Amino acid sequence: MRTPVTIVGAGLGGLTLARVLHVHGIPVAVYEAESSPSARTQGGMLDIHDYNGQLALDAAGLMDEFHAIVIEGRQTLRLVEQDGTLLHEMADDGTGGRPEVQRGELRRLLIDSLPADTVRWGHKVSGTRALGEGRYEMTFAEGGTVVTSLLVGADGAWSRVRPLLSDATPEYVGTSFVETYLFDADTRHTGSAKVVGGGSMIAPAPGKEISAHRESGDTLHAYVALSRPQEWFAAIDFTDASAAAARIAQEFDGWAPELTALITDADITPVLRPHYALPAEHRWDRVPGVTLLGDAAHLAAPNGEGANLAMLDGAELGKTLAAYPDAVEAALTEYEQAMFARSAEPVTFEGAEIHGIDSENNTAQAMLKMITEQGRQTT
């Protein structure tokens with residue numbers, strides 16, 4: 001295949017696609033708005049699943065490099081009651097299928113696997129338009145344009161490529177995260193460090209929950225989830241760290257102090273992360289020379305699958321383009337049909353369907369029952 005592939009977005013999905021194309025000798029360029037790989041913090045821990053994310057890394061020929069950045073022990077999962085009681089712990093014995101890595105390290109691994117000029121940093125796409133005959137023009141906020149005949153939107157929730165295919169736009173789903181970090185937790189935040197343990201912890205309740213990961217070293221990264229309208233969050237001044245933390249903590253009145261300390265004792269200003277999603281059955285008719293992957297195609301509220309699905313999308317698209325070197329449209333059709341079906345599959349954990357945060361079953365006891373029953377079915 002000689003047609004160069006133009007990718008918008010150097011996230012995990014776009015970079016995986018670029019790597020698989022590079023492995024197959026297909027020319028590719030990635031345009032990224034960020035000025036450099038280190039322009040911003042890349043988020044926390046990711047569990048990379050053996051049924052999607054790891055398949056993508058295998059297709060990219062990067063499994064050895066992936067295993068080198070896995071942080072041992074982080075697959076441990078704790079279910080904790082609101083009073084801080086440890087209800088259940090799933091230990092990391094090294095045989096699980098969801099090893100944890102730092103998102104930033106995984107992204108760097110993918111970037112380093114590409115020729116140095118593959119990613120064009122500091123190119124923020126401000127718009128795209130069809131020129132006819134399967135050709136597309138991208139306009140950059142900094143000035144200039146690029147014309148391509150094979151365009152892939154890997155540019156996330158607010159994709160500039162999506163309008164070429166679909167009128168769908170993300171909508172708020174009714175829940176948000178408030179993220180916090182606690183540094184030097186084993187010496188400065190001992191109670192919270194103890195309840196989180198060596199991997200991840202979740203303390204759920206209907207309409208709310210507190211979860212946290214232990215990242216590299218003894219950093220705790222907490223995600224406080226609340227089911228509230230956007231107007232409720234808009235009334236909180238998130239530029240005032242102590243006031244914002246106190247207001248969020250009020251929603252967990254009566255919970256164990258080692259849990260609420262993940263909010264009130266944070267070492268950064270709490271960060272609001274509202275959740276948006278595209279329609280569950282988001283589809284489009286085949287349009288010559290353009291497609292989407294990851295959140296640009298099937299944005300959903302956080303469910304543990306987003307990064308993994310984006311990487312698998314990228315790998316599958318790359319493999320399909322390589323398999324049809326003289327039939328790009330056949331490749332894009334095959335990729336999209338498989339991707340549509342894949343993104344519609346229910347999200348599960350250990351084989352059981354996951355409850356939403358607003359469910360009455362969003363409790364530690366209900367989660368333990370789900371895990372226990374699933375364990376019986378597989379033995």
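**Loop residues**

I started with E133, which sits in the loop between strand 8 (125-132) and strand 9 (135-140). Strands are DSSP runs of E with at least two residues, helices are runs of H or I with at least four, and both are numbered from the N terminus. A note on the source: this is a predicted model, where local features need pLDDT of at least 70, side-chain atom pairs count only at pLDDT 80 or more, and totals for chains, interfaces and linings use all residues. Residues are numbered from 1 along each chain as its sequence is written, and side-chain values use heavy atoms, with hydrogens and water left out.

I looked at the backbone of E133 and found a positive phi of about 55°, although E133 is not a glycine. E133 is exposed, at 81% relative accessible area. (Buried means under 20% relative accessible area, exposed over 50%, partly exposed in between, with a 1.4 Å probe and protein chains only.)

D184 also has a positive phi, near 50°, and is a residue other than glycine. I located D184 in the loop between strand 12 and helix 5 (185-188). With 41% relative accessibility, D184 counts as partly exposed.

Next I checked S38, in the loop between strand 2 (28-31) and strand 3. S38 counts as exposed at 62% relative accessibility.

**Helix packing**

How do helix 1 and helix 11 pack? I get an angle of about 25° between helix 1 (residues 12-23) and helix 11 (residues 306-323), with axes 7 Å apart. (Axes are lines fitted to C-alpha atoms, for helices over the stretch in contact, and angles run from 0 to 180 degrees between N-to-C directions.) That makes the two helices roughly parallel; the cut-offs are under 35 degrees for roughly parallel, over 145 for roughly antiparallel, 65 to 115 for roughly perpendicular, and oblique for the rest.

On the helix 1 side, the residues that meet helix 11 include L12, G13, T16 and L17. Contact means heavy atoms within 4.5 Å. I sorted the residues of this contact into 10 nonpolar, four polar and one charged. (Ala, Val, Leu, Ile, Met, Phe, Trp, Tyr, Cys and Pro count as nonpolar, Asp, Glu, Lys and Arg as charged, and the others, Gly among them, as polar.)

I then turned to helix 11 and helix 12 (residues 328-343), which pack at about 155° with axes 9 Å apart. These two are therefore roughly antiparallel. Their contact divides into nine nonpolar, one polar and four charged residues.

**Aromatic pairs**

My search of the whole structure gave eight aromatic pairs. (Rings of Phe, Tyr and Trp, its six-membered ring, pair if their centres lie within 6.5 Å; planes under 30 degrees apart count as stacked, over 60 as edge-to-face and the rest as tilted.) W158 and Y276 have ring centres 5.2 Å apart and planes at 75°, so this pair is edge-to-face. The pair ties together parts that are 118 residues apart in sequence. W158 counts as exposed at 52% relative accessibility, while Y276 is partly exposed at 23%. Ring pairs link W158, Y172 and Y276 into a cluster.
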